[in-house]
Amino acid sequence: MPENTIAVAMSGGVDSSVVAGMLRERGEQVVGMTMQLWNQRRLPELIPEGGSTGRCCSLDDVYDARHVAQILGIPYYVLNFEDQFEEQVVRPFAAEYLAGRTPIPCTLCNNFIKFDRFLEMAEGVGAGRMATGHYAIVNWNDSTGRWELRRSADRAKDQTYFLFGLTQDQLARTLFPLGAMEKSAVRELARRLGIPTAAKPDSQEICFVPNGDYAAFIEAYFREQGVAPSETQGELVTTDGRVVGEHSGVHHFTVGQRRGLGVAAGEPLYVISTEPASKRVVIGRSGDLQRATMHAGGVNWISIAAPKEPVRAEVKIRNKHQAAAATIFPTADASRVEVRFDDPQRAVTPGQGAVFYSGELVLGGGWID
Amino acid sequence: MQRYYFDHNATTPVSPEVLQAMLPALTDAFGNPSSIHHYGQTARAKLDHARRQIAALLNCSDNEIVFTSGGTESDNLAILGTGGHVITTSIEHPAVLAAADLLPVTKVAVDASGVADPGAIRRAIRPDTRLISVMHVNNELGTIQPVEEIGRIAREAGVVFHSDGIQAAGKLPIDVRAMNADLYSISGHKIYAPKGTAALFIRKGLELHPQMHGGSHESRLRAGTQNVAGAVALGAAAQWITEHAAAGWPDLAALRDRLEQGILARVGDAHVNALGSPRTPNVTNIRFDGLDSEALLIALDLRGFAVSSGSACSSGKQDPSPVLLAIGLTRAQAKSSIRFSLGRSNDAAQVDALIEAVAESVAHLRKLAPAYA
């Protein structure tokens, strides 16, 4: 088993299938591996009528990935990481919601499963590098002596927002072969390579939540664990402290949310913040959502070393956010920064990632407090 | 890449003599053995010949052999066909355990030796006990169970005795009379015949409820047109074993010992599970402390060596081997164990290559510790 073998993380979708096919066509030694992360049958009450479709870790996805591996003629294995996934992704996801934050499980999965457990397994079985179907670009910068992360050529598919936790050591052993490609070209290549999933729809939402209903998932998960979700029902209050109604639990709400408040008002109302300690959900006007500064913790610097001085950057505060100009101030705690936006930003949401860009370059990122 | 097969307890290749015997049953003797005409009679003759070959292997009469589609079906027919309260052990194959779970069942615990205690089985007998089902040889450890003594206990108690002999056939002599067995399962693909062919010995006079409903094939015990070619293959495989038993068993024990000693000498913190217990000569189950057997299995496969972590029937599941947990290994210990099972194609040079690959792969994986701890 030569060390230059590449382990491809195959989800059964078109992107990772094409990665395996491209590398194979290039003459690389390729081994395909699918991570079994979550057993969808665990919470059967969440599976929509007619069965869940196209969800990660369904038997269909393993079947698709195996089929692609068979067509490409590469060895293929299913790695069972269900224990680690539950421990490091699902449980924190549920706990974060109950703590009034809005987590990003995909980033946790990248940090703790894909670019940790998987990479470790790849190395263990003799594959020195791994490749995934992420839309992002990794390159080595000789002058800084660092691995850099850049946005993908297909800006609509760019996934760097979810990759801010990658360390230099992880980037050194990771290939993102699709980073320079347009999605349409990937599908075209899939057809040319004879990959049967060429037309499979892109995955959406969070893979282990079968119907996109996070609150229902969290409740079902805690029920299964035999733990009643801590009583999170409470009062809906306005920004000036007026109680205007009741709510069914803080985990139903995220900052900036407009739907499901059940309060009639002359103008649109939004969730401004959730306060798990007092079980209050604060609602207010659109203008109340604007923030000029925020703090981020657990900061990881990628393309530059941790700065000593303030850094100018464009900061993205959620996946669909248009990165906004800001200055990042280091704090006494090296893992924390203060971000001051040039213009106030709407719905800064605790638990989401703050990713710092300089043009195409990902400087680093952290978790919004 | 040179490839080596060390997973004969999972399945075996069809041997040349078996293939040669079965091919005519797919072509010339294609008839339905229940048909009255010449074609039917030709097929029937082959089927009955196979029955005699299997009876000779088990030391029973040919009219005590029923053909089935696999070891799982044989075990299911034996257990569900008998019914009542069942006593079995915690280290049985899922084909036995899952069938027994459909009935009132007592699962007798087995200690680290991997060998069931006949006394414990005797103590589990209740007035409504109808069946004792204990495997002849454990599939993961290779441990030989005291079936003669258990058979005696069953006979004294007036209880039916079934033994799953799927991992015993071809590895040690079988005598269903000596072990007082009423029911005994064997399967083709563990003995160099194809998958999908198996048999159940049913002692003459024992009444079983059929589990397949249809025609009156196989003495009304197993409806469905017989897989004649499969039965012929099973018969040929049985005959090969009978002939070679007379001439002395192939010396797999020497190879197994070479493998075991080689690994233990080269790899630290490695332990043979159920060492010291009577075992079939072809199996060793080795625990590599602090290591993930899934990673070792894949690493070895990518180097060309096929081995197994637990029973192949359980692969893809997160849970470690239920057999290893049942004999008292911790979860971590069970998840760090690998089964090596030898067969006719293995030789000393292959074993030496395997030892080398295991030593290198374990060293590499342990270098990445403590993640594997």
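The crossing of helices H9(B) and H12(B) is right-handed, a label given when the near helix is turned clockwise from the far one by less than a right angle, with anticlockwise giving left-handed. This is a predicted model, in which local features need pLDDT of at least 70 and side-chain atom pairs count only at pLDDT 80 or more, while totals for chains, interfaces and linings use all residues. Residues are numbered from 1 along each chain as its sequence is written, and chains are lettered from A in the order in which they are written.

Helix H9 covers residues 293–302 of chain B, and helix H12 covers residues 348–367 of chain B. Helices (H or I, at least four residues) and strands (E, at least two) are DSSP runs numbered from the N terminus. The two axes come within 10 Å and cross at roughly 130°. Axes are lines fitted to C-alpha atoms, for helices over the stretch in contact, with angles from 0 to 180 degrees between N-to-C directions. From H9(B), B:Ala295, B:Leu296, B:Ala299 and B:Leu300 meet B:Ala357, B:Val358, B:Ser361, B:Val362 and B:Leu365 of H12(B). Contact requires C-beta atoms, placed from the backbone, within 7 Å. By class, this contact has 8 nonpolar, 1 polar and no charged residues. Ala, Val, Leu, Ile, Met, Phe, Trp, Tyr, Cys and Pro count as nonpolar, Asp, Glu, Lys and Arg as charged, and the others, Gly among them, as polar.

B:Leu296 also belongs to the largest nonpolar core, which has 133 residues. Such a core is a set of buried Ala, Val, Leu, Ile, Met, Phe, Trp, Tyr and Cys residues joined through C-beta atoms within 7 Å. B:Leu296 is among the members that touch the most others, along with A:Val8, A:Ala20, A:Met130 and A:Ile283. Beyond four places in sequence, A:Val8 is in contact with A:Ser16, A:Val19, A:Ala20, A:Leu23, A:Val30, A:Gly32 and A:Ala131. Another core lies apart, with 84 residues, including B:Leu77, B:Ile91, B:Val176 and B:Val232.

B:Leu57 sits in helix H2 (residues 38–58) of chain B. B:Leu57 counts as buried because it has 29 C-beta neighbours inside 10 Å. The cut-offs are 20 or more other C-beta atoms within 10 Å for buried, 12 or fewer for exposed, and partly exposed in between. The C-alpha atoms of B:Leu57 and B:Val176 are separated by 9.5 Å, at 119 residues apart along the chain. B:Leu57 touches B:Ala169, B:Ile174, B:Ala238, B:Ile241 and B:Thr242, leaving aside residues up to four places away in sequence.

Between the chains, 15 residues of chain A are in contact with 12 residues of chain B. On the chain A side, strand E3 (76–80), helix H3 (82–98) and helix H4 (105–124) each supply at least two residues. That side divides into 8 nonpolar, 3 polar and 4 charged residues.

Two loop residues have positive phi. A:Ala347 has a phi of about 55° although it is not a glycine. A:Ala347 lies in the loop between strands E15 (337–346) and E16 (353–358) of chain A, and its 20 C-beta neighbours inside 10 Å make it buried. For B:Asp269, phi is near 50°. B:Asp269 lies between helix H8 (252–266) and strand E9 (270–272) of chain B, and counts as exposed with 12 C-beta neighbours inside 10 Å.

Conventions. Two residues are in contact if their C-beta atoms, placed from the backbone, lie within 7 Å.
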